[in-house]
Amino acid sequence: MVPPPFPTLLQIVFSEYHQHRSIFGIPEHAFYRAGTKSLGPALGPHTHLSQGIVCAYLCGGRVLELKTVQQLDQLELEKPCVDAADIGYNTEWSTELSIAEATAEYYKAWLLLHLLRGLLWNEWDSEPDFIFVMSVGYDLEGVQTASVDAFLENMRDAGRSPVFKELAGELTTFLEAQPDLGLFPGVAPAGSQANSQKGFQAGFQGANSHPPWQEFVQGIRRDICRSVVLSTMHGCPPEEIEAICSYLLTKKHLDTLVKLNPTLLGQQDVEQILSNAGYSISLDPHSFAVDLRYAEAVQLIGRLQSTAATVGRSFGLKLSNTLPVQNTDNRLPGETLYLSGRALFILTTELAARLCADLHAAGGELPPVSYSGGAHAGNVVEVLETGIGPVTISTDLLKPGGYQRLAEAVRAVDTRAQSGVASTLDAPGATAPLFPSRPNPPAIRALADRAKQQAAYRARSGEPTARVHRPLPLFDCFVAPCREACPLGQDIPGYIRLLGEGRPAEALSLILATNAFPALTGALCDQRCTRACTRIEYDRAVQIRAEKALVVRAARHTGLGMILSRQPAAAGAAASTANGAPVAVLTAGLAGVSAAYYLVRSGIPAVVFEASGSISERIEGQLAKYRLAADELNADLTRIAASGVKFRLARNPYPSAADLVAEGFAEVILSGPEPELLRSCELQLNPDGKPIVDAETRRTPNGIYLGGDGESDPPRVIEVIASGKRIAAAIGAARHGADGTGSSGRHAGPPSAAAGSSGTGGPRRTGSTGSSGPKPDPMQVLHKHGRFAAPGRGSDGEVAQAEFKRCLECNVICLKCVQVCPNRANIAIRMQPGDGFTDAFQILHIDSWCNDCGNCAVFCPYDGKPYQEKFTLFANRAAFEASTTPGMCVDQGQLFLRAADSGVADAGAADPGATHSGAADEANIDINYETQTKRAAALAQRIQNDYSYLLRPFEEGSG
């Protein structure tokens with residue numbers, strides 16, 4: 001990990017905003033001008049580099065806790081070190097940068113935030129709307145070393161630092177070289193009257209204007225930090241903690257908070273709390289044995305409050321640190337993991353309740369309590385209402401949505417603040433400040449008790465992230481896990497969008513392309529799609545099965561429920577005698593009727609033979625154990641019959657396979673499991689008495705195709721329907737001389753099947769759903785990401801609208817690896833028509849910004865690691881040649897390219913020094929390589945044309 005020099009950082013910010021209306025991947029629509037100074041990122045991975053601090057500020061973070069620095073600043077840590085899939089685990093502790101590098105990063109961020117505040121919101125005064133808080137550790141000797149002492153002094157007064165002066169000079173030089181900043185909303189175009197106002201120091205008030213740049217930079221405050229958090233290692237003695245805090249208060253004159261550990265609750269209570277919430281977590285007994293004890297902590301806090309009062313400083317608590325646990329499943333390297341997130345919330349609120357109650361009982365004013373244990377948008381308001389604050393967030397920001405989840409939390413607090421004041425507990429009807437400045441012990445106790453009862457903090461079963469379990473593609477990786485989980489491969493995002501847009505007939509048509517029984521599955525499907533929904537990683541899954549039922553109901557109510565499903569015959573089918581021969585289906589079971597439906601859609605005639613006198617009787621028998629409204633099944637069967645499937649009823653006995661062949665049927669499908677049918681078709685049996693059949697094609701050794709009816713116990717409706725679809729695909733493939741099943745055969749459809757069945761078993765994306773599928777604007781879809789939304793309630797129309805807003809349409813926009821990276825080391829490159837890609841964006845990994853934390857691999861839908869496998873931009877040729885990952889670099893004006901199926905190619909001249917207002921000169925890239933190399937070259941060309949600011953060598957400048 002190599003922090004970018006300040007001029008490079010500034011160039012990226014200006015160029016990206018001007019060209020793409022985003023900054024470090026945060027889109028402009030997500031910028032949030034906070035009305036509160038009570039929230040921000042917790043000290044941790046999000047305040048590691050200056051770009052992370054900037055992202056947090058853009059999303060409303062105003063309390064910015066800087067990552068811990070310590071004497072040992074050359075650490076070698078095992079990687080990966082972060083897993084935020086569910087409750088959150090990590091193995092990292094202090095910053096991986098040297099103290100000098102960390103100081104420079106915090107300086108860059110301080111200067112940049114002052115600048116962005118003016119450029120975006122026309123706020124140029126010297127009093128910032130944000131607060132930086134330092135963090136140091138881990139013992140008194142380390143805090144007193146020259147390097148840590150210099151850090152404290154240089155952060156308290158940056159005016160004494162040559163590095164800050166150099167960075168401030170670089171900022172001034174850069175700004176004075178910019179032509180026109182009128183594209184920023186807080187700056188008027190050059191030459192306007194607003195730009196002729198009086199200077200910064202005199203109280204600059206010009207509307208949408210800015211002060212002279214040198215005057216502005218000189219006016220930025222140099223007292224960056226006035227407070228510090230002490231983060232101690234587990235096992236730090238009480239006297240050591242007290243000595244460090246006393247030193248920071250009395251010698252360094254800093255407001256001080258001490259970070260306390262959840263081990264204060266004692267091992268027995270922690271085990272009981274976690275067990276009651278359903279967690280099975282192996283604690284680390286050693287941490288409880290050596291950590292600060294509860295009674296000692298209460299006494300220590302009282303003494304430090306007195307010490308702070310004597311020197312006129314503030315002393316407070318930071319609750320809480322992570323919890324050490326045993327690494328029993330090897331999810332990360334090492335023997336010990338540090339737990340955070342949801343499970344930590346119930347522990348930290350309990351610790352806060354006990355401490356505040358006992359400190360209050362001891363008399364005196366309660367110290368301020370800053371909170372960071374499992375905070376997120378859903379609980380920050382109730383935490384602040386107890387008088388605890390500020391609240392800082394870490395684990396939640398490591399989940400899909402990333403920094404934009406912070407904006408959701410800030411928005412929730414601002415909304416609550418606008419609603420008025422709170423009622424007091426002591427006097428009903430009386431009012432009190434909505435967010436008290438000191439902890440309220442009864443309110444905290446109520447919060448802790450409530451949290452223990454809430455499902456949001458309980459253990460969850462099943463896979464916590466949406467997966468498709470296939471290798472990660474180098475390009476075009478956006479995929480809808482819901483669609484991949486569906487045995488029928490239905491275009492779920494497509495029909496949810498169509499319904500949400502008020503187009504139920506088109507939604508039903510899209511469903512019918514892959515699902516013969518939409519009404520039936522809208523009532524009975526086992527909802528594998530819902531369990532794979534990406535929305536689970538935000539709040540609750542989209543109500544997919546209910547949406548299908550809404551489509552059927554809406555189409556029926558508008559008189560459009562009887563949409564015929566006929567498709568034009570497959571290309572060349574009419575000219576082939578063999579292709580025109582019908583297929584016989586024995587019994588009108590779910591699998592057989594489904595197979596007939598898919599065959600007819602592909603242009604192959606199909607006739608269903610049924611012993612009873614009713615089309616629906618057999619399926620009703622199959623589904624007798626389910627509560628199923630008759631009209632749901634009848635609606636589907638009526639559509640199937642109208643599509644061209646022929647039914648011959650009351651055929652008892654059934655014709656033999658030989659008779660059917662003699663009658664002109666080319667293939668025979670056996671849908672029902674009746675013994676007499678199995679015998680008449682002379683099927684070969686396994687020792688267990690079950691027919692021998694190919695799992696994918698459903699073909700038996702003697703050429704009979706066998707449906708899946710009765711194979712599962714109880715039968716899963718969607719699997720039985722899918723078995724019919726696989727049979728139709730196999731027959732169509734055999735007639736066309738093609739494989740037809742794809743890599744898995746699972747989602748294959750008959751040749752020329754309707755929109756929504758790719759027939760490849762591969763990812764399904766926008767643009768690949770066929771002519772009837774929606775092709776949404778990717779930027780419109782992007783607005784949904786990072787936002788929380790409650791499931792739809794009320795009328796059908798209200799539910800349809802709400803669920804459409806909740807559906808993330810991740811086959812159109814995924815970007816999870818971009819969002820969950822705290823360093824912004826994964827970048828979304830917007831492609832253009834003609835570049836040769838399916839997805840609107842391609843992922844570029846920035847090698848020098850990555851610290852291999854591994855969190856992007858945790859959330860990638862594929863079984864892959866974006867930080868190791870995605871197309872990578874290397875900072876220099878040495879790093880490029882030391883890796884085998886497909887990627888590129890610029891070295892002395894030359895662009896070097898490596899794709900998965902080729903060696904290194906010298907791709908021609910490059911211009912990495914282009915200004916933000918123009919693209920780099922086009923490289924003379926030879927794209928006459930194999931397909932993968934052509935696409936790598938096309939991506940490199942797009943980066944050079946539209947993202948040339950990323951190609952600046954990181955060796956330039958200071959930092």
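Biologist: Among contacts in the chain between residues at least 6 apart in sequence, what percentage join residues at least 24 apart?

Modeller: Contact means heavy atoms within 4.5 Å. Among contacts in this chain between residues at least 6 apart in sequence, 72% link residues at least 24 apart. Please note that this is a predicted model, in which local features need pLDDT of at least 70 and side-chain atom pairs count only at pLDDT 80 or more, while totals for chains, interfaces and linings use all residues. Residues are numbered from 1 along each chain as its sequence is written, and side-chain values use heavy atoms, with hydrogens and water left out.

Biologist: What share of the residues is buried?

Modeller: A residue is buried under 20% relative accessible area, exposed over 50%, and partly exposed in between (1.4 Å probe, protein chains only). In this chain of 959 residues, 60% are buried. Glu101 counts as partly exposed, because its relative accessibility is 31%.

Biologist: Where does Glu101 lie?

Modeller: Helices (H or I, at least four residues) and strands (E, at least two) are DSSP runs, numbered from the N terminus. The chain has 35 helices and 27 strands. Glu101 belongs to helix α3, residues 99-121. The C-alpha atoms of Glu101 and Leu49 are 9.4 Å apart, although 52 residues separate the two along the chain.

Biologist: How many disulfides does the structure hold?

Modeller: A disulfide is a pair of cysteine sulfur atoms within 2.5 Å. The structure has zero disulfides. For Cys55, the closest cysteine sulfur is that of Cys59, and the distance of 6.8 Å is too far for a bond. Cys817 is likewise in no disulfide, the nearest cysteine sulfur being that of Cys856, 6.3 Å away. Cys55 is buried, at a relative accessible area of 0%, and Cys817 also counts as buried, at 10%.

Biologist: At what angle do helices α17 and α30 pack?

Modeller: Axes are lines fitted to C-alpha atoms, for helices over the stretch in contact, and angles run from 0 to 180 degrees between N-to-C directions. Angles under 35 degrees are roughly parallel, over 145 roughly antiparallel, 65 to 115 roughly perpendicular, and the rest oblique. Helix α17 (residues 492-500) packs against helix α30 (residues 796-806) at about 135°, with axes 8 Å apart; the two are therefore oblique to each other.

Biologist: Which residues meet there?

Modeller: Ile496, Arg497, Leu499 and Gly500 of α17 meet Ala800, Gln801, Glu803 and Phe804 of α30.
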